[in-house]
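Hi,

Here is the structure I promised to pass on to you. Please have a look at it first, and then read my notes below.

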Amino acid sequence: MSLEDASLDIVPGELLAVVGENGAGKSSLMNVLYGLYHPDAGTFLMDGKPVRFKSPRDAIAKGIGMVHQHFMLVPTLTVAENVVLGREPTKRGLLDLDRACDEVAATAKRFGFQLDPRARVDTLTVGSQQKVEIVKALHRGAQVLILDEPTAVLTPQESDELSQVMRGLVAQGRTVVLISHKLKEVLGVADRVAVMRRGRTVAEVRASETTVSALAALMVGEGSRGAAMTGVPATAVTATHLTGTGTTGAAAALPPAPVEPAAASTGPVVLEAKDLRATGDNGRPALQGVSLTVRAGEIVGIAGVDGNGQRELAEVLTGLRKLDGGEGTLLGGPLVGLTPALAKARGVGHVPEDRLARAVVKAMTVEENVALGRHRQPPFARGPWVDFKGRRERTEQLLTGYDVRPNDPTVALQALSGGNQQKVVVARELDARPELLVVVQPTRGLDIGAVAQVHERLRDAKARGAGVVMVSLDLEEVLALSDRVYVLYEGRVTGHFPRKDLDERELGRRMLGAEASHG
Amino acid sequence: MLEVLHSLLFSTLDAAPALVFAALGAMLSERAGVVSVGVEGMMRTGAFCAAVAALVMPTPLAVGVGMAAGAGIAAVHGFLSIRWRSDQVVSGMALNLVAMAGGTYLLESFFGPNGTPSITQLSRWNIPGLSQVPLLGALSGHAAPTYLALTLPFLFHLLLSRTPLGLRLRAVGDKPHAVATLGLSVPALRWGAVLGGGMMAGLGGAVLSTTVLDRFEQHTPSGLGFMALAAMVFGRWTPLGAFAAALFFAAGNALRIGLASSAPWLLDLVPQGFLLALPYLLTLLVLALQGQRGHAPAALGIPFEQESR
């Protein structure tokens, strides 16, 4: 596990933020506080007395509540059922759902939430589900509320609302611990900030006495980071890159994007889709008439709150999901009847969201994974036989070119860190010189250095003349890379912005389903 | 005509309890997220133990022994799938094979290949007055399990939908991590469901050898456990749905027996084997028509581990 000598002081009645890169141990530390994980060593004092939490039950009893990054809600149950689960009101031995609904409504009202206690959780928006989580903790009398990356899935509007909720709780005398890697947001709301790096707490500062760039430097460990140790090239994260870009939270820690002319691409159209319709895994319509155009030499961002059809759109474009309706042209052929093999043959590259499920075979070696999909063509094959030498050489070239650590084609892919695995996938897909590249959440869970590299490669692909469709839930990523952005809401396009008109607020409004307010 | 319907209904109600109990047991375990393909083996264990116990004690007590035996062998499944997080389908199938082979071995070494000696069946109850009413009269003259099978599904429904325990069981089958973060014990809930399910399957088996038959036979329960699984799926993992499906399958079984005895000429047209296979073909057909497993608990078959999300 990922904690090494971590320490933290939580002062009652304040909003403490814990920041750090992915894998720095933030979530682990919180899960220890909440009694879910058990530390190998160390002590834990509450009001000066040592305590030991054997399970969350103990933590809850001591007034600690936690809102997990991946919501801990039972989707098939109602709001009230989720909130009272484990401490259900009863009448003559039977569940008293009416009382449960009343209680939950009362708790929600007391803290200013609008929630229908009888609504099934899987019909709620992500923002509302989060409120259910918060109410769940408050209903159990939480005095200390831990929120793990609460804004990762929210629109800017919802994030603002959450900030107010957190400040409101602190104003009522409760304590809030906010885990985040969005530094700007953290500084806007927190009283104090603790910084974690590789399982340790490396600093605690007052929010009013620090800056985004100072925090970013602490997070990545300014200069002290051994490149070989973490697999991240030192150049991507030096202090010079970090200072002076303090505009947009996590993106502030990225190397500055080359400033590009706002001129729209006039390259040939690689994808023209009209009125696409498709059904999601849950059997409900996921795409309900999506039209979009992608030209060679541009990056088209697809923004939206999770679960609004982005994933299904990417699957349609790569032949993985059947169309129910609509038509289009993709690289000179019809979009209807597209299969993964056809898509590949026409020059579609795909970096899927879940690489372990869809892009690679983790138990196979890196070179085998690089050959996957092109294993019948040179240099990976000669006639019916595997070309071991050709495969090795090409893989070595790619590993060096993409700075993958360890630079060894023969290790199992699962021995690589997530960032390096993703670099292998991107390297393989771009090496096939796609004319249309479909990428979904390309940098989810990667550390700052790897994020920068993947972004750089996407820009390279665009410069080479590929059309890129990038689905991302990270609005900052969409803003940083896209030449144009389509916003999806409930399977429809609710906004289409060229780069010069990109506005985070307006984008957020559209992500929540608002139609254009002006012509 | 009325007479045929009456006898069909009567034999359906006679055959249904074993299926109903096993289907409810399987459903209980699966709603909590633990796959229950081992239900055939649990039934066989229950049937054998009840038949042997009935040789030395009153039959109603022997049925209790069968239930305990079902829970006992379900505990093996519990250890494998909850404690050791092994693959639940493989563990269940292993259980079936052990029960198959173990039952045959014990039967042949102690009683010979023709089954255990015959025992006193559970007594049948005649409901005065009712037996004269057309059709409804088919409700009279059954042993206790039939009447239990007509009430238990409603109690299970109440348990699942209207009690705190039921809410927790449903939650643990759909999202165990949510249950764990509330400080409830996922293993305890699942253990309870698996043991309860084993008890119900054992009861189903015991009913087979103490009412439908009067002994344990070589092939008991001859696939009834799998049919109970099908009833659970067809009934969309709900007590009342599984109940209806079990009745439907039992009717198919009764129809087979009824057809063979009331219309012997049928045997000239259709091979006997086909008639024997009818209930099972019905099961396959129903499952094929139902299609996807859209109604299964979301976390079904996934071992619970705290440190994974």
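Predicted model: local features only at pLDDT ≥ 70, side-chain atom pairs only at ≥ 80, totals over all residues.

Let me begin with the core. The largest nonpolar core holds 236 residues, and helix α1 of chain B (residues 2-31) gives the most to it, with 14 residues. Residues with the most contacts inside this core are A:I146, B:L19, B:A22, B:A23, B:A228, B:A231 and B:A246. To take one of them, B:A228 touches B:L19, B:A22, B:A23 and B:A26, along with B:V39, B:G204 and B:A246, leaving aside residues up to four places away in sequence.

Next, the contact between the chains. Chain A puts 23 residues into it and chain B puts in 17 residues. On the side of chain A that touches chain B, α2 (56-61) and β6 (94-95) each supply at least two residues; the largest share, three residues, comes from α2(A). By class, this side of chain A has 13 nonpolar, seven polar and three charged residues.

Finally, the sheet. In chain A, four strands make an open, antiparallel sheet in the order β12-β11-β14-β15. Its edge strands are β12 (285-295) and β15 (333-334), each pairing on one side only. Strand β11 (residues 269-279) pairs with β12(A) in the antiparallel sense over eight bridges, and A:A273 stands opposite A:L292 in β12(A). Helix α11 of chain A (residues 310-317) lies across β11, β12 and β14 (325-330), running at about 60° to β12(A).

Best wishes

Definitions and conventions. Residues numbered from 1 in each chain as written. Chains lettered and ligands numbered in written order. Core = buried A, V, L, I, M, F, W, Y, C linked by C-beta atoms within 7 Å. Buried ≥ 20, exposed ≤ 12 C-beta atoms within 10 Å, placed from the backbone. Contact = placed C-beta atoms within 7 Å. Nonpolar A, V, L, I, M, F, W, Y, C, P; charged D, E, K, R; others polar. Pairing = 2+ DSSP bridges. Axes fitted to C-alpha atoms, helices over the stretch in contact; angles between N-to-C directions.
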